[in-house]
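Colleague: Could you please show me the model that we are to discuss today?

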Amino acid sequence: VFIGNLRLLEANVEKEGLTYADSPQVQSNFAITPDADFVEQIKLANREVFSLYELAREFSSSVGLPETLRMFAKKISEFVPFTTCALYLIDGGYAAAIHVEGENAGPLSLRRISIGEGATGHALSSGQTIHNVDPALDFLYAQPELAAYYKGMAAVPLLANGNILGAVTIYSRELTGYGEEHIRLLETISRIAADAIGKSLQHDEAKTHALTDPMTSLPNARSLQAQFEKEVARSSRSNTKFQLLMLDLDGFKFVNDSFGHKVGDEILKEISKVIKRQLRDYDFLARYGGDEFVALIPETNAEAVTDLCHRIERAVCEFSLRVDEHSFAAVGVSLGASTYPDHGKSFDQLIVAADKIMYGRKSSRKRLPGYSRLDRQAAAEVEAEIVLEDAVTIDNSPEESFIVEVDESHVVSSAMH
């Protein structure tokens, strides 16, 4: 009821000639000072309540984290004066400054502080507001040149559902300390903002999960499609080409059948890391589904891609996963590459082209001498000699016998006691 009548009260105040414009103090911030007269205090309180109500409404409609943080800093500036405002979010044992406004925004945006380090770190570790302390405490371990730059500071932890998400720290070159009203307003805004930040973090986490394969932590097929569109746009702007690699693991079914799906899952995780290490930082690798991966390789010619394929094949074949004291599991990989726009301009066209080349490699292996015979052991030995030459070293100790089996053209080596 009170909130609903705030507009009416504002209109009556204006009718009586007591508008906010009459008071520079109200325009600058809403902190109620001891020397404010009765009417001034009513105006300040009225404006504060309505502004906080509007603030809560705006935060509730905000979804993205960057937008929420920008709004948070902006609203603080409307209520509490500062020279610099830094918003920290906890990341493991550290807190990173992910949004900074005001002076020294550039240097401070690079800050990472340990929990418990300095005044802000103490606010994070204790969950309590820290104010009227020397700002130099925040610069003892990093950026000491800023130690004498500020006169006053306040750090407020951001709590949502009982969890500390981070902290907001404001620094001032004018104020040697923040009064009780400033701290009350800062804490009130922070409580409202912390709930919105918590929801934004949950939204971003859900969005990340929607674009990430939970098994390997690689981007998934949906993320791959989005990245493909970006590469097409980049290629069109720069008049360049990019490559799409299709990778299919050889022998993965045998691993699952022989050692169980838990070992198969571990193979997927480790092989994804093996493949990733062969790529450049700006190449894009995604799990396409099952035991298939797709890589987007920008600004690369056919010769370089051929070399990359050989390196990936060798690296995968050299990897083995110890299952127990007497056995290990390993897989091979078959690759096919297609070029944008030579082999197609759509994602599906390039996938089909690369897939065809990749399965062509598999089919050629099926035609190896001995493959069609009933003696699959002999066929596997020929396959292993050709495909895994110089890639896998087998210990021919008398204590162990090695079985190399082919599931279609897949190759798996396992040491069985």
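Colleague: Which strand do seven bridges join to S7?
Modeller: Seven bridges join S7 to strand S9 (residues 292-298), and the two run antiparallel. Strands are DSSP runs of E with at least two residues, helices are runs of H or I with at least four, and both are numbered from the N terminus. Two strands pair if DSSP finds at least two bridges between them. This is a predicted model, where local features need pLDDT of at least 70 and side-chain atom pairs count only at pLDDT 80 or more, while totals for chains, interfaces and linings use all residues. Residues are numbered from 1 along each chain as its sequence is written, and side-chain values use heavy atoms, with hydrogens and water left out.

Colleague: What is the bridge partner of Met246 in S9?
Modeller: The partner is Val294.

Colleague: And how many bridges pair S7 with S12?
Modeller: Nine bridges pair S7 with strand S12 (residues 332-340), in the antiparallel sense. Within this pairing, Gln243 stands opposite Thr339 of S12.

Colleague: How many residues of S7 are buried?
Modeller: In S7 (residues 242-250), nine of nine residues are buried, that is, under 20% relative accessible area with a 1.4 Å probe, protein chains only.

Colleague: Which residues lie on each side of S7?
Modeller: One side holds Phe242, Leu244, Met246, Asp248 and Asp250, and the other holds Gln243, Leu245, Leu247 and Leu249. Both faces are covered. In a regular strand, side chains alternate between the two faces of the sheet.

How values were computed:
Buried means under 20% relative accessible area, exposed over 50%, partly exposed in between (1.4 Å probe, protein chains only).
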